[in-house]
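Please consult the sequence and the model while reading.

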Amino acid sequence: VQASDRFNINSQLEHLQAKYVGTGHADLSRFEWTVNIQRDSYASYIGHYPMLSYFAIAENESIGRERYNFMQKMLLPCGLPPEREDE
């Protein structure tokens, strides 16, 4: 029974990873996973007006400027990718 449960869980995980990009996959590096999390966060801040206005007030910026700043941060949210040793 345990082997089939394990297969079922792995099958469900693979299905979710194929359906939703942010859930990652087995070959996803730590850097790529962190970039996905950061970009999802910035997209959520931009998409939810109350959060965007909260950040704008906290940083004493206009809402448009704050939206622009978040969009700029989405380009390289964690800096340049690390050098890959296998290439």
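Tyrosine 45 has a relative accessible area of 23% and is therefore partly exposed, where under 20% counts as buried, over 50% as exposed and anything in between as partly exposed (1.4 Å probe, protein chains only). This is a predicted model, in which local features need pLDDT of at least 70 and side-chain atom pairs count only at pLDDT 80 or more, while totals for chains, interfaces and linings use all residues. Residues are numbered from 1 along each chain as its sequence is written, and side-chain values use heavy atoms, with hydrogens and water left out.

Tyrosine 42 is buried, because its relative accessibility is 12%. Both tyrosine 42 and tyrosine 45 belong to helix H2, 3 residues apart, about one turn of the helix; helices here are DSSP runs of H or I with at least four residues, numbered from the N terminus. Rings of Phe, Tyr and Trp (its six-membered ring) pair if their centres lie within 6.5 Å, and planes under 30 degrees apart are stacked, over 60 edge-to-face and the rest tilted. By this rule there are 6 aromatic pairs. For tyrosine 42 and tyrosine 45, the ring centres are 6.2 Å apart and the planes lie at 75°, so this pair is edge-to-face. Ring pairs join Tyr42, Tyr45, Tyr54, Phe55 and Phe70 into a cluster.

The two helix contacts are set out below. Axes are lines fitted to C-alpha atoms over the stretch in contact, and angles run from 0 to 180 degrees between N-to-C directions.

| Helices | Axis separation | Angle |
|---|---|---|
| H2 (residues 30-47) and H4 | 9 Å | about 160° |
| H3 (residues 49-58) and H4 (residues 63-73) | within 9 Å | roughly 100° |

H3 is thus roughly perpendicular to H4, a term for angles of 65 to 115 degrees. In H3, Tyr49, Leu52, Ser53, Phe55 and Ala56 meet Ile63, Glu66, Arg67 and Phe70 of H4, contact meaning heavy atoms within 4.5 Å. This contact of H3 with H4 comprises 6 nonpolar, 1 polar and 2 charged residues.

H2 and H4, in turn, are roughly antiparallel, which applies to angles over 145 degrees. On the H2 side Tyr42, Tyr45 and Ile46 meet Arg67, Phe70, Met71 and Lys73 in H4. The contact of H2 with H4 has 5 nonpolar, no polar and 2 charged residues.

Asparagine 60 lies in the loop between H3 and H4. Although not a glycine, asparagine 60 has a positive phi of about 55°. With a relative accessible area of 71%, asparagine 60 is exposed.

Definitions and conventions
Helix = DSSP H or I, 4+ residues; strand = E, 2+ residues; numbered from the N terminus. Parallel < 35°, antiparallel > 145°, perpendicular 65-115°, else oblique. Nonpolar A, V, L, I, M, F, W, Y, C, P; charged D, E, K, R; others polar.
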